[in-house]
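The sequence and the structure are shown first.

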Amino acid sequence: MRKIITLGLIAAALAVSACNTISGVGRDVSAAGSAVTSGAEQAKN
């Protein structure tokens, strides 16, 4: 029973850290998209 609880806590910690990582990647991709959009607007003008 103790092993199951320990493994559950480890899995929960990994899941929470993965969510933060995915969120960070999403922000980076969004920032890159904004930079490309800005560059395209400047080139058009």
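Helices (H or I, at least four residues) and strands (E, at least two) are DSSP runs, numbered from the N terminus. The model is predicted, so that local features need pLDDT of at least 70 and side-chain atom pairs count only at pLDDT 80 or more, whereas totals for chains, interfaces and linings use all residues. Residues are numbered from 1 along each chain as its sequence is written, and side-chain values use heavy atoms, with hydrogens and water left out.

**Overall form**

The protein contains one helix and zero strands. Helix α1 covers residues 2–44, and Ile4 lies in it. The C-alpha trace spans about 65 × 5 × 5 Å along its principal axes. Within helix α1, Ser38 has its C-alpha atom 39 Å from that of Ala12, the two residues being 26 apart along the chain.

**Surface**

Of the 45 residues in the protein, 2% are buried; buried means under 20% relative accessible area, exposed over 50%, and partly exposed in between (1.4 Å probe, protein chains only). The protein exposes about 4000 Å², of which carbon and sulfur atoms supply 69%; accessible areas come from the Shrake-Rupley method with a 1.4 Å probe, and for residues only the protein chains shown count as cover.

| Residue | Relative accessible area | Class |
|---|---|---|
| Ile4 | 60% | exposed |
| Ser38 | 37% | partly exposed |
| Glu41 | 39% | partly exposed |
| Lys44 | 61% | exposed |

Met1, Ile4, Ile5 and Leu9 make a nonpolar surface patch of about 500 Å². Patches are made of residues with over 30% relative accessible area and no salt bridge; like charges are joined within 9 Å, and nonpolar side chains (Val, Leu, Ile, Met, Phe, Trp, Tyr) within 5 Å.

**Charge pairing**

The structure holds one salt bridge, defined as a side-chain nitrogen of Lys or Arg within 4 Å of a carboxyl oxygen of Asp or Glu. Glu41 forms a salt bridge with Lys44, and their closest N and O atoms are 3.7 Å apart. Both Glu41 and Lys44 lie in helix α1, three residues apart, which is about one turn of the helix. Side chains of opposite charge can pair when their charged atoms come close.
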